[in-house]
Amino acid sequence: MPPALPNFSDTDRRHMRTALALAREGRFTTSPNPRVGCVIARGGQIVGQGFHLRAGEPHAEVHALRQAGELARGATAYVTLEPCAHHGRTPPCAQALIAAGVSRVVAAVSDPNPQVAGKGLAMLAAAGIAAECGLFEAEARELNHGFLSRIERGRPFLRLKCAASLDGKTALSDGQSQWITDEATRADVHILRAESCAVLTGIGTVLADDPLLTVRGFPVVRAPARVVLDSRLRLPQTAKLLADPSAPVLLLTGEADPAKHAAFARFAHVSVHTVPLSDGLISLPAALALLAREGIGEVLAETGATLSGALLRADLVDEIVLYQAAKILGAPARGLFATPENPAALHAAPHWQTQSVETLGSGIKWVLRRTEAV
């Protein structure tokens, strides 16, 4: 049985909600670091607040303590993730809280990073500070599902973006797909890209569409990496994403020929990574494990039906974002997922739980998470 949570007050809840809202301000910038917010309060009054903006810069606690100044002494700090206890690119936040003289620290969730993992809370407790954890833990975990997935599961949180007609088609039979959805949907996709650490696609999509995979029409401080699964390293040297150095490109391949790797050396923003093959194709679990080791925690997959189907069959999709257009393309048009096998029975089919549905332009945006079959 899990230990009982401390008896948090309404004031605690109000301040932690503010800290969570602050943490969300960093959702486009903090990768590979987590999104963290902090509030310093004396009773019902907030005397300092802040959030982490980007890796290498001060953490949320430091911003909040600077704002609070001497008023931090004897106050309570509310932080959405356990304060760090190690020297990285910045000093440990637990030590900063101790030095500031706070009397109590409330964390939403413990940090699974092996360099922290309870050490921050233990450091605070050893200094005589009341250290509590678990207030709005589910909300804090949701805010950092990519960071937590990378550390706890050894792979990124993977969001599969799809666009389809009312009858589940993604393109006409001759491959025409621009545009099934409208401008409102395309603008929303760029926001999804901006939130992600990386945008992933397959070589088939690159050869067919020659996409840039960049964020456009939305300001970004940290451009997401572009990842291409290319088992035989067929990416043309003329591809648009090679000509555009605004974001890193990671080519994941099973091709071991050094000469083929060397052909990409002239592109400073491109790195080639060899991963194992499975039946002649990139091993998807191995590819995602490599991305996690590269510090990538949240991936937006924008792929064709074949790779989408493969990701689903491998049970590697955590969330589906389906943009459904108010159009019908007909039976000959191309389907959404290439999943040739049927489940043994309807009850055995993978189950997905609707998280949200909203009207977007002339269509809808449907967000789903995987659930166990019932």
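This is a predicted model: local features need pLDDT of at least 70, side-chain atom pairs count only at pLDDT 80 or more; totals for chains, interfaces and linings use all residues.
In what order do the strands of the open sheet of nine strands stand? The legends below start there.

View 1. Residues are numbered from 1 along each chain as its sequence is written, and side-chain values use heavy atoms, with hydrogens and water left out. The nine strands go β11-β10-β9-β8-β14-β6-β15-β18-β17, with mixed pairing. (Strands are DSSP runs of E with at least two residues, helices are runs of H or I with at least four, and both are numbered from the N terminus; two strands pair if DSSP finds at least two bridges between them.) β11 (270-274) and β17 (351-360) sit at the edges with a single partner strand each, so one side of each has no neighbour in the sheet. From one strand to the next, the twist averages 20°.

View 2. Why call β8 (residues 198-202) largely enclosed? Because five of its five residues are buried, meaning under 20% relative accessible area with a 1.4 Å probe and protein chains only (exposed is over 50%, partly exposed in between). In a regular strand, side chains alternate between the two faces of the sheet. Here A198, L200 and G202 point one way, while V199 and T201 point the other. β8 runs parallel to β9 (residues 225-229), joined by five bridges, and A198 faces A225 there. Getting from β8 to β9, the chain passes through helix α8 (residues 203-209) in a right-handed β-α-β crossover; right-handed means that, with the strands pointing away from the viewer, the path from the first strand over the helix to the second runs clockwise. β8 also pairs in the parallel sense with β14 (residues 298-301) over three bridges, and V199 stands opposite L300.

View 3. Helix α7 (residues 183-195) lies across β6, β8, β14, β15, β17 and β18 (363-371), at about 160° to β15. Helix α11 (residues 284-293) touches β6, β8, β9, β10 (249-253), β11 and β14, and makes about 145° with β10. (Angles run from 0 to 180 degrees between N-to-C directions, using lines fitted to C-alpha atoms, for helices over the stretch in contact; contact means heavy atoms within 4.5 Å.)

View 4. A163 lies in β6, which runs parallel to β15 (residues 319-324) over six bridges, and the bridge partner of A163 is Y323. A163 is partly exposed, at 24% relative accessible area. In an unreviewed entry, UniProt lists A163 under "binding site", along with others including W179, D209 and A310; such annotations may be inferred rather than shown by experiment. The listed residues are spread over 148 residues of sequence and up to 28.5 Å between C-alpha atoms.

View 5. UniProt's unreviewed entry gives E61 as "active site". E61 sits in helix α2 (residues 60-68) and is buried, at 3% relative accessible area. Beyond neighbours within four places in sequence, E61 is in contact with C38, V79, L81, P83, C93 and L97.
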